[in-house]
Amino acid sequence: EILFGELPHARQNNSGEEKYVLLGSGTEFSESIVIYTAEMVLKDVVSCTISLEYKSFEPLAEDEALLVFSVEESDGKNLRYETVQLTTTGENWNQVELNTRLPASLPESAKMLIYVWNKDRKKVGLKKMTVNAESF
């Protein structure tokens, strides 16, 4: 879990109630959650549920910002890549969820990366990202 509002570079809204990290013109990627498969007890299937609370300070159209789930080998070879669009009119906090399942026959050197890709470098606030990964 990443509570973006607790990071050193977090901002507060005008009332001081909400803390968040702002991605903008100079920030293409958020901080990542990294899960190493070597640290998991792998059975038959890996199931991941990822949720993100975000707010854009301008409208977001398709492909401008994405929640990304990626599985990569240590040499950078991509084994799985999934995204969810972050689209909004730019007024309220939104929540998106990405649910995925994959075979647990992953290399021991593989890692799962979860992050926000701000492709068009829009002003996007990130409040909280959580990941629940389990194997059964």
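Guide: Let us begin with a single pair of residues. This is a predicted model, and in strand E9 the bridge partner of Val34 is Leu113.

Visitor: How many bridges join E4 to strand E9, and how do the strands run?

Guide: Four bridges join E4 to E9, which covers residues 111-117, and the two strands run antiparallel.

Visitor: In what order do the four strands of the open sheet lie?

Guide: The order is E4-E9-E6-E7, with antiparallel pairing. Strands E4 (33-36) and E7 (78-85) are the edges, each pairing on one side only. On average, neighbouring strands of this sheet are turned by 15° against each other, direction ignored.

Visitor: How should I read the nonpolar core?

Guide: In soluble globular proteins, nonpolar side chains tend to be buried together. Here the largest nonpolar core has 29 residues, of which Leu52, Leu67, Phe69, Leu86, Met112 and Ile114 touch the most other members. Elements that give two or more residues to this core include E4, strand E6 (66-72) and E9.

Visitor: Which element gives the largest share of this core?

Guide: Strand E5 does, with five residues.

Visitor: Which residues does Leu52 touch, leaving aside those up to four places away in sequence?

Guide: Among them are Phe4, Leu67, Leu86, Val96, Val116, Leu126 and Met129. The contacts of Leu52 also include Asn94, Gln95 and Lys128.

Visitor: How is a pair of aromatic rings described?

Guide: Such a pair is described by the distance of the centres and the angle of the planes. The count in this model comes to four aromatic pairs. One of them, Tyr20 and Trp93, is edge-to-face, at 5.8 Å centre to centre with 65° between the planes. Tyr20 lies in strand E3 and Trp93 in the loop between E7 and E8, 73 residues apart.

Visitor: Why does Tyr20 count as buried?

Guide: Tyr20 counts as buried because its relative accessibility is 9%, and the cut-off for buried is under 20%. Trp93, at 22%, is partly exposed.

Visitor: Which other residues form an edge-to-face aromatic pair at 5.8 Å centre to centre, with 70° between the planes?

Guide: Phe29 and Tyr115 form that pair. Phe29 is in the loop between E3 and E4, and Tyr115 is in strand E9, 86 residues apart. Phe29 is partly exposed at 42% relative accessibility, whereas Tyr115 is buried at 13%.

Visitor: Which residue has its charged end over the ring of Trp93?

Guide: Lys127 does, with its charged end 4.5 Å from the ring centre. Trp93 also belongs to one aromatic cluster with Tyr20 and Phe57. Elsewhere, the charged end of Lys119 sits over the ring of Trp117, 5.0 Å from its centre.

Key
Residues numbered from 1 in each chain as written. Predicted model: local features only at pLDDT ≥ 70, side-chain atom pairs only at ≥ 80, totals over all residues. Heavy atoms only, no water. Pairing = 2+ DSSP bridges. Axes fitted to C-alpha atoms, helices over the stretch in contact; angles between N-to-C directions. Core = buried A, V, L, I, M, F, W, Y, C linked by side-chain atoms within 4.5 Å. Buried < 20%, exposed > 50% of the residue type's maximum accessible area, 1.4 Å probe, protein only. Contact = heavy atoms within 4.5 Å. Phe/Tyr/Trp six-rings, centres within 6.5 Å; stacked < 30°, edge-to-face > 60°. Lys NZ or Arg CZ within 6 Å of the ring centre and 35° of its normal.
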